Amino acid sequence: MSEALVNRRGEVVDAAERILEREGPDAVTMRRLADELRIQAPSLYKHIAGKTEIEAALQQRALERLGAVLAGASADLATLVAAYPRWALEHPRLYELSARHSLNRPRLASGVEAAAAAPLLKVTGGNVAAARAIWGLTHGLVDLELADRFPPNADLDAAWAHATSAFAIYCTPQPDGDP
């Protein structure tokens, strides 16, 4: 693929992300993207196969970005768990597309999902079951927060601290490098 086509594909995905975050997943249509980019809708197909490819590209982007944030915060469980909701709340619709929808794994770059999970696996010493339980609990709290399901006076910091301490027994300090 030529550099110009790669750059144009990136512009299409950037526009899709802007629409997604402003208006939600249903607004990311080929016509809406064409309007955002000020081109004719059929011209989009020179750069991207369709909505399925756009959604997969957005999922990959979300996993890469969240993985990078978690990798930078993976010193311990509390730091890692604090980084997860912060990122999700800053990018709620991108998070939704990657965490509430099935991943389009065949269209994701090889290793992107594993790279996003690696920081959590690192703090759990490679304990996959513990990592999945922590991820599930963290996702659940984030999902409830995004849905504004907690009462206005809820002490969410206390809930996060309790969740973190409950799982601390599964986490062991890891030397630098892979678990």
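A residue is called buried when its relative accessible area is under 20%, exposed when over 50%, and partly exposed in between (1.4 Å probe, protein chains only). The legends below describe a predicted model, in which local features need pLDDT of at least 70, side-chain atom pairs count only at pLDDT 80 or more, and totals for chains, interfaces and linings use all residues. Residues are numbered from 1 along each chain as its sequence is written, and side-chain values use heavy atoms, with hydrogens and water left out.

**Figure 1. Leu63 in helix H4.** Leu63 belongs to helix H4, residues 51–72; helices are DSSP runs (H or I, at least four residues) and strands likewise (E, at least two), numbered from the N terminus. Because its relative accessibility is 12%, Leu63 counts as buried. Leaving aside residues up to four places away in sequence, Leu63 touches Leu103, Leu108, Val112, Glu113 and Ala116, where contact means heavy atoms within 4.5 Å. Arg8 stands 55 residues from Leu63 in sequence, and their C-alpha atoms are 21 Å apart in space.

**Figure 2. Thr138 in helix H8.** Thr138 is part of helix H8, residues 128–146. With a relative accessible area of 4%, Thr138 is buried. A polar atom of the Thr138 side chain lies 2.7 Å from the backbone oxygen of Ile134. Residues up to four places away in sequence not being counted, Thr138 touches Val81, Tyr84 and Trp160.

**Figure 3. Asp14 in helix H1.** Asp14 is located in helix H1, residues 3–23. Asp14 counts as partly exposed because its relative accessibility is 33%. Between Asp14 and Leu37 there are 9.9 Å in space, C-alpha to C-alpha, and the two are 23 residues apart in sequence.

**Figure 4. Positive phi at Arg38 and Asp148.** Most residues other than glycine have a negative phi. Arg38, however, has a positive phi, near 60°, and Asp148 has a positive phi near 55°. Arg38 sits in the loop between helix H2 (30–37) and helix H3 (41–44), whereas Asp148 sits in the loop between H8 and helix H9 (156–167). Arg38 is exposed, with a relative accessible area of 78%; Asp148 also counts as exposed, at 65% relative accessibility.

**Figure 5. The setting of the close-ups.** The protein chain contains 9 helices and 0 strands. Its C-alpha trace spans about 55 × 40 × 20 Å along the principal axes. Of the 179 residues in the protein chain, 38% are buried. Among contacts in the protein chain with a separation of 6 or more, 67% are between residues 24 or more positions apart.

Key. A polar contact is a pair of N or O atoms within 3.5 Å; within protein, one must be able to donate a hydrogen and the other to accept it, and residues adjacent in sequence count only if both atoms are side-chain atoms.
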